[in-house]
Amino acid sequence: MDKILLFLSLMPVLFLSQAKEGLKYFKSKDSLVGIKNQDGKIIIPAQFRVYSFLKDGEPVKEETIYFDGSKPNEVSEKNAWGYVYDRKGNFLYRPFFYDNGADYFAEGVRRFVKDGKIGFVDRNGKTIIEAKHDFVSPFNYGYAAFCDGCDWEKTDDEHKAIVGGTWGIINFKGEIVQPLQKQSEKEVEINGKYYPSPFQYSEKEKTILQFFQKYKKQLSDVYYVNHYNRLSENEKKVFFEIVERPKENFPYFQIDTYDNKKMNSGSSRFHFIVSEDGNHVYASDYDVEKMPFEKWLKKQTKEAEKFQKEHPDNPNKLSK
């Protein structure tokens with residue numbers, strides 16, 4: 001269920017880029033899938049068994065082309081699932097296999113596999129961090145945990161756990177970061193150790209974040225209204241950080257919301273995008289592609305009020 005929520009929370013981001021025309025999936029007689037352009041020319045031959053529901057002639061909407069499956073008689077690659085190509089038909093990478101399919105995007109990047117190692121790519125398939133570790137977690141608040149010399153071990157519930165190896169923390173540049181003594185609220189706690197704040201902003205970006213600070217109390221209320229434990233005002237903090245900047249196919253700043261522990265589970269509805277000029281703010285919930293911020297906030301507030309009315313014993317009340 002968590003995997004489904006994580007995937008849904010990221011779907012809107014995939015559809016925010018400008019509409020792209022001309023490429024369509026097609027199926028061969030033996031149900032293998034490939035890509036044709038608007039003139040019917042084959043860009044990628046039909047060579048993939050795709051496991052997700054896909055209609056013949058369905059357009060390619062994303063920045064890259066994803067085949068959710070395998071090639072007939074292929075040699076299995078450890079931890080890899082599916083294939084990603086650019087829109088010209090050039091192979092880019094194989095996504096990391098997570099739960100029931102390809103890894104999700106977190107903070108603008110997703111994991112990929114090459115020669116048994118794991119790295120990160122952005123939405124356009126550009127390699128951001130080279131594949132060089134045996135395992136790396138998704139990014140959260142600018143950091144990811146990695147291990148070398150570790151391996152997967154089956155558990156009693158049919159899932160796998162990572163055992164052994166040497167662990168560490170990397171930043172968004174792929175650099176290994178050492179813990180430090182906690183000095184302020186800015187430090188990030190990971191497994192009981194503290195790391196420096198990974199975020200640095202220009203004056204323009206600071207102005208963008210100030211917009212969300214103005215609504216911090218209201219956003220905090222709706223964020224925690226259905227939290228099952230009573231929280232103090234200090235525990236009801238939320239943090240806003242820019243996790244992705246404008247690039248080709250994505251003319252926005254992406255802002256994620258983090259809870260009091262600076263965690264973003266991925267299933268949170270609190271994801272926002274801001275136009276490159278900083279003048280337009282939208283929410284990018286799992287259930288909407290792009291909604292003006294004010295409209296979204298009214299919707300969330302009404303839903304929070306409804307929840308509180310239906311659950312009068314909820315411990316974290318909305319502010320009057």
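Trainee: Y25 first: buried or exposed, and with what relative accessible area?
Mentor: Buried, because its relative accessible area is 7%. Buried means under 20% relative accessible area, exposed over 50%, and partly exposed in between, with a 1.4 Å probe and protein chains only.

Trainee: What kind of model is this?
Mentor: This is a predicted model, where local features need pLDDT of at least 70, side-chain atom pairs count only at pLDDT 80 or more, and totals for chains, interfaces and linings use all residues. Residues are numbered from 1 along each chain as its sequence is written, and side-chain values use heavy atoms, leaving out hydrogens and water.

Trainee: Back to aromatics. How many aromatic pairs does a search of the whole structure find?
Mentor: It finds 35. Rings of Phe, Tyr and Trp (its six-membered ring) pair if their centres lie within 6.5 Å; planes under 30 degrees apart count as stacked, over 60 as edge-to-face and the rest as tilted.

Trainee: Why is the pair of Y25 and F67 edge-to-face?
Mentor: Because the ring planes of Y25 and F67 stand at 90°, with the centres 6.0 Å apart. Y25 sits in strand β1 (residues 24–27) and F67 in strand β4, so to speak of sequence, 42 residues apart, and the pair links distant parts of the chain. Strands are DSSP E runs of at least two residues, helices are H or I runs of at least four, and both are numbered from the N terminus.

Trainee: And F67, buried or exposed?
Mentor: F67 counts as buried, because its relative accessibility is 0%.

Trainee: What about the rings of F293 and W296?
Mentor: Their centres are 5.9 Å apart and their planes at 35°, so that pair is tilted. F293 and W296 both lie in helix α4, 3 residues apart, about one turn of the helix. F293 and W296 are both buried.

Trainee: Which residues do ring pairs link into a cluster?
Mentor: F293 and W296 are in it, along with F211, F212, Y215, Y223, Y224, F240, F270 and F272.

Trainee: Which residues does F293 touch?
Mentor: Not counting residues up to four places away in sequence, F293 touches F211, F212, Y215, L219, F272, V281, Y282 and A283. Contact means heavy atoms within 4.5 Å.

Trainee: Which residues have the most contacts inside the largest nonpolar core?
Mentor: F212, L219, I255, F272, F293 and W296, in a core of 39 residues. A nonpolar core is a set of buried Ala, Val, Leu, Ile, Met, Phe, Trp, Tyr and Cys residues joined through side-chain atoms within 4.5 Å. Elements giving two or more residues to this core include α2 (203–214), α3 (216–224), β21 (252–258) and α4 (293–310). Another core, of 15 residues, lies apart from it, with A80, F139, A144 and C150 among them.

Trainee: New topic. What order do the strands of the open sheet have?
Mentor: β4-β6-β7-β10-β11-β12, 6 strands with antiparallel pairing. Two strands pair if DSSP finds at least two bridges between them. β4 (65–67) and β12 (127–133) are the edge strands, each pairing on one side only.

Trainee: Over how many bridges do β6 and β7 pair?
Mentor: Over 2, between β6 (residues 83–85) and β7 (residues 91–95), in the antiparallel sense. V84 has Y93 in β7 as its bridge partner.

Trainee: Last one, S70. Buried or exposed?
Mentor: Buried, because S70 has 14% relative accessibility. S70 lies in strand β5 (residues 69–70). Leaving aside neighbours within four places in sequence, S70 is in contact with Q47, F48, R49, Y51 and Y83.
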